Amino acid sequence: MTAPATGTGPVRRRLTVHGTVQGVGFRPYVHRLAAETGLAGFVGNTGDGVLIEVEGPAAEVARFCDLLAHRPPPLATVTRVAHEELPATGAAGPFAIRSTDRASGRAQLPPDAATCADCLRELADPADRRHRHPFVTCTHCGPRFTIATGMPYDRAATTMSGFPMCPDCAREYGDPADRRFHAQPVACPGCGPRLALTGPGLRPARDADALAAARGLLAAGRIVAVKGLGGYHLACDATDPRAVATLRDRKERGGKAFAVMCADLAVAESLAVPTPAERAALTGPRRPIVLVRRRTPAGELADQVCPGSPHLGIMLPYTPLHTLLFGLPGDPPGPRVLVMTSGNRSGEPIVTDDTEARTRLAGLADAWLAHDRPIAAPCDDSLLRIRPDGTEQVLRRSRGYVPRPLRLPVPVRPALAVGGDLKNAPCLGDGDLAWFGPHIGDMGDLATLDAARRAERQLSRLTHVTPRLIAADRHPGYHSTGWARRRAGARLPLRLVQHHHAHIASAMAEHGLDGTTPVIGVAFDGTGYGDDGTVWGGEILLADYTGYRRFAHLTPAPLPGGDAGVANPCRLALARLWAAGLPWDAELPSVTACSPTELTLLRQQLDRQVACVPTSSMGRLFDAVASLTGVCHRAGYEAQAALELEAAALDARDADAVAYPFGLTGGATLACDPAPMLRALLADRRRRTPPPVLAARFHRGVARAVTEICRRARGATGLGTVALTGGVFANALLEEKCTALLRADGFTVLRHGEVPPNDGGLALGQLMVAATAPHHETE
């Protein structure tokens, strides 16, 4: 930032403020600041941010500029202030807020923010005109991204445009001294959105009656579809085993954990033991789902909420509607903790449209609590965990984070990266900024592809980025890659990026590396299309943005049945033993989990190599070990076996800190052989070593193997920075052990923070690889 000159006479200065400065009360803040300093001039939104002209004594103009840059409103982020000297005009009139300039540009819209303390006080105050108003909001909180239809951000460019303000709201909106001055979602019970409750056999209800009826249904064990900021939730009483089991059955969710919403922090602390950093995340304006170590027992929580998991996904109310659903003082008692899961069928995107909700959620919900404010952009809840050092690892980046841009270490051409087929989240980039879209999910059907296309269009409207390049994964069968080919057509170049290279580039970009020096990238996940046509996933690459070399990998083993075999960790375990030349002893848990016919067919399949694609996947090795230890033999959802193996290791009581050995063989490319680890694990099983100890020793063995390979890579290349990336590093125990060993050995370790380590962060790496490459390298 360039500071203005100071002097004694009147001066006039034009300031262009860049960053997240629209939709955060920036113009009213500037108006109040100018009034404090006695300056004349004006402020207005533009396509690039906020334009200000101020005139007055030089010392007061200097003070104004300093406060503007260093004391912005709570939701604002100022990245740059450009100053321009202008001739003084002698202006002495009141400072004004001008109408918006709709010229094209790139202002930054903030994410949605949880209800602020002032609005919550009004919500609970019987004397306030917004008492019990489910849509109370102000310039410091409420919807932004999910109601925006374009930029610059004004009411006409939001889904509130269909709700004309009443005289009282219009007076607040136009009063510079009011907290709702130019708050675009401002409304009240007289002029704002309305609630409605409907359902088979139910008498339709509106507003307060709808809320009371919904609370009663939840207390009675029913499932209610609740329309939130970015889509519908399916809600039920999390302390009612029958209600939770019914929701699990209707959603065909298997054993996958549900997230819960607690009425307040005290309720959350009765179920789990949050650290100070976890409390801060739970109560902050983003209000994500936070994975917190659960109490044992976890209060009155139904066992079916998160079976087999030591952690509980918790969030607190982030809209007035949620607060009212739990009830205000004096309301009839209702549930204090609710299962809040995405309003969709398995494999489909979250539902946002009211008509669609009645059809797509039919059979899942017993009632629908809806409102008539349209949702412009679907946006699921974000999910994160807090490391012991207090840093965040975002596992799903969506509400509360999107569309906040990421600053890139090197400029990129205008480009769209479509991500992968799992945990899809597209990414737009131009210049030194990149914008992730919200979490879409798994690209398995037309509805999800359509959601991805809508997300791209919404991002493009808000950022004014028109892609001139498309990036996608190399996997020939990915739905996302097919979409990218159609999107590129004959007009735009398409760049296909190797999966694990993209993971490593994503970690590099998040940490601000410009790519002039390669890193040792440890990319561990379940599936990635390899250069040799096999399934990769246990990769150590020497990489920068322009290319990579495979330095080491996990020794391949057959993947019986391809992707379809992933649901059977017991088969993966036996395939790993077959590849290592180890017998299938009759007492092994993986053997006893299979029927005699299944064992015979599997043996024939492996011996004849029928439908057995080789895989170096570390994710599949975790699945195999989960079965060999007796932890999980059949997986009902993605990564179930690995999650349960980690949970077992966390419970280990293993004072001798044994680590199972891996073999390292080969020349230019090392093979990390798990056969020694398997032999040691089987020997421990024969000694009846408890499964948690087996799991812990396996985790330690992987971490020590990673450290040894990185040490050899450093010896061969001189590189000293390691990036840990890929979905396997959502495993907190493995990430912590690898990080500790590598740092103790003198390495700089890059771990993901705001960008997910899993495929939810893949598009950023695709963007960096594709959009920084020379034009002739596109395909």
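**Close-up views of a predicted model**

**View 1. Contacts of Leu369 in the predicted model.** Leu369 touches Ala196, Leu197, Ala210, Leu211, Ala214, Val224, Ala225, Val226, Lys227, Tyr232, Leu321 and Leu325. Residues up to four places away in sequence are not counted here.

**View 2. The largest nonpolar core.** This core holds 78 residues. Val260, Val305 and Leu369 touch the most other members. Helix H5, residues 207-219, supplies the largest share, with five residues.

**View 3. An open sheet of four strands.** The strand order is S18-S17-S19-S20, and the pairing is mixed. Strands S18 (427-436) and S20 (494-497) form the edges, each pairing on one side only. On average, neighbouring strands are turned by 60 degrees against each other, direction ignored.

**View 4. Strand S17 beside strand S19.** S17 spans residues 406-417, and S19 spans residues 470-473. The two strands run parallel and are joined by two bridges. Ala417 stands opposite Ala471 in S19.

**View 5. Helix H11 on the sheet.** H11 covers residues 446-463 and touches S17 and S18. The direction of H11 makes about 145 degrees with that of S18.

**View 6. Helix H22 on the sheet.** H22 covers residues 762-771. This helix packs on the sheet and touches S17, S18, S19 and S20. The direction of H22 makes about 85 degrees with that of S17.

Note on methods. Residues numbered from 1 in each chain as written. Predicted model: local features only at pLDDT ≥ 70, side-chain atom pairs only at ≥ 80, totals over all residues. Heavy atoms only, no water. Core = buried A, V, L, I, M, F, W, Y, C linked by side-chain atoms within 4.5 Å. Buried < 20%, exposed > 50% of the residue type's maximum accessible area, 1.4 Å probe, protein only. Contact = heavy atoms within 4.5 Å. Pairing = 2+ DSSP bridges. Axes fitted to C-alpha atoms, helices over the stretch in contact; angles between N-to-C directions.
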